[in-house]
Amino acid sequence: MRAHEVVLHRIEQGLTTGRIRVGDRLPAERALAEELGVSRSSVREAVRVLEAMGVVRTAVGSGPDSGATVIADPATSIGSALRLHMATQFLPIPDVVQTRVLLESWAASAAADTRPDVTHLHAQLDAMDAPNLSPEAFHMLDERFHLTLSSMAGNVLVEAMMASLGDSIRGYILDAVPRLDDWAAVTVGLRSEHRAIVQAIGSGRGTRAARLVREHIEGFHALARTNR
């Protein structure tokens with residue numbers, strides 16, 4: 001085991017046993033190095049790994065907020081890994097689309113079971129009705145809508161995975177826009193589909209909501225492929 005992995009193992013044990021909790025500051029760099037018999041540079045390397053993984057947040061200085069504080073941001077590490085794998089073309093776009101369908105259709109069905117207040121979703125859709133939105137602005141609102149929908153299921157991991165897929169989804173959607181014959185007409189259809197999904201969730205029709213989400217995601221992907 002390399003030196004920085006010793007540090008990672010020690011911190012993982014602390015988190016597992018509850019000796020270290022979200023909001024706690026990690027022991028000082030010198031203290032960890034002395035306790036584990038490793039160099040301070042190895043401790044710094046371990047902390048950098050933890051920060052990239054979304055487990056800690058670091059702050060320089062000597063005040064009460066300095067050092068490494070334990071946080072919980074799983075989307076950071078998942079998102080970073082997905083972006084890198086997408087760059088290597090190891091994760092094909094059809095697989096990303098299928099994963100979206102699995103996660104979002106389940107989330108829509110689960111959310112509908114609780115008959116939630118969907119007022120905030122309608123407000124987001126109203127913002128998407130603004131005239132002359134650029135494709136980038138439209139997608140920013142669209143992405144926020146889908147993330148909100150996914151979060152309504154109450155599953156933290158599903159929410160984190162959807163957030164981490166954001167860059168991959170954004171990439172294939174914006175790449176398709178210039179190839180579409182009539183982007184304005186496409187947005188009309190997308191907005192209509194969004195409102196049907198929200199109506200199904202608000203009325204507690206989980207099976208219908210899941211089907212509409214699947215058709216919505218797969219429909220745009222099929223359109224993008226047709227115009228490739």
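This is a predicted model: local features need pLDDT of at least 70, side-chain atom pairs count only at pLDDT 80 or more; totals for chains, interfaces and linings use all residues.
Of the 228 residues in the chain, 39% are buried, and the accessible surface comes to about 12,400 Å², of which carbon and sulfur atoms hold 55%. Among contacts with a separation of 6 or more, 69% are between residues 24 or more positions apart.

The interior was examined next. In soluble globular proteins, nonpolar side chains tend to be buried together. The largest nonpolar core of this model has 38 residues, and those with the most contacts inside it are Ile-169, Trp-183, Ile-201 and Phe-220. Two or more residues are given to this core by each of helix 5 (93-112), helix 6 (119-128), helix 7 (135-151), helix 8 (156-164), helix 9 (166-176), helix 10 (183-202) and helix 11 (206-226). A second, separate core consists of 16 residues, including Ile-20, Val-38, Val-55 and Val-56. For Ile-201, once neighbours within four places in sequence are left aside, the residues in contact are Ala-108, Ala-111, Ala-112, Arg-115, Pro-116, Val-118, Leu-149, Met-152 and Ala-209.

Charged side chains were considered as well. Side chains of opposite charge can pair when their charged atoms come close. With a cut-off of 4 Å between a side-chain nitrogen of Lys or Arg and a carboxyl oxygen of Asp or Glu, the count comes to 11 salt bridges. In one of these, Arg-195 pairs with Asp-126, with 2.9 Å between the closest N and O atoms. Because Arg-195 belongs to helix 10 and Asp-126 to helix 6, this pair ties together parts that are 69 residues apart in sequence. Arg-195 is partly exposed at 27% relative accessibility, and Asp-126 is likewise partly exposed, at 46%.

A salt bridge also joins Asp-129 and Arg-191, at 3.0 Å from N to O. Asp-129 lies in the loop between helix 6 and helix 7 whereas Arg-191 lies in helix 10, so that parts 62 residues apart in sequence are tied together. Both partners are partly exposed, Asp-129 with a relative accessible area of 37% and Arg-191 with one of 21%. Arg-195 forms a salt bridge with Asp-129 too, the closest N and O atoms being 2.8 Å apart, and this pair links distant parts of the chain, 66 residues apart. Through shared partners, Asp-126, Asp-129, Arg-191 and Arg-195 are joined by salt bridges into one network.

Terms used. Residues are numbered from 1 along each chain as its sequence is written. Side-chain values use heavy atoms; hydrogens and water are left out. Buried means under 20% relative accessible area, exposed over 50%, partly exposed in between (1.4 Å probe, protein chains only). Contact means heavy atoms within 4.5 Å. Accessible areas come from the Shrake-Rupley method with a 1.4 Å probe; for residues, only the protein chains shown count as cover. A nonpolar core is a set of buried Ala, Val, Leu, Ile, Met, Phe, Trp, Tyr and Cys residues joined through side-chain atoms within 4.5 Å. Helices (H or I, at least four residues) and strands (E, at least two) are DSSP runs, numbered from the N terminus.
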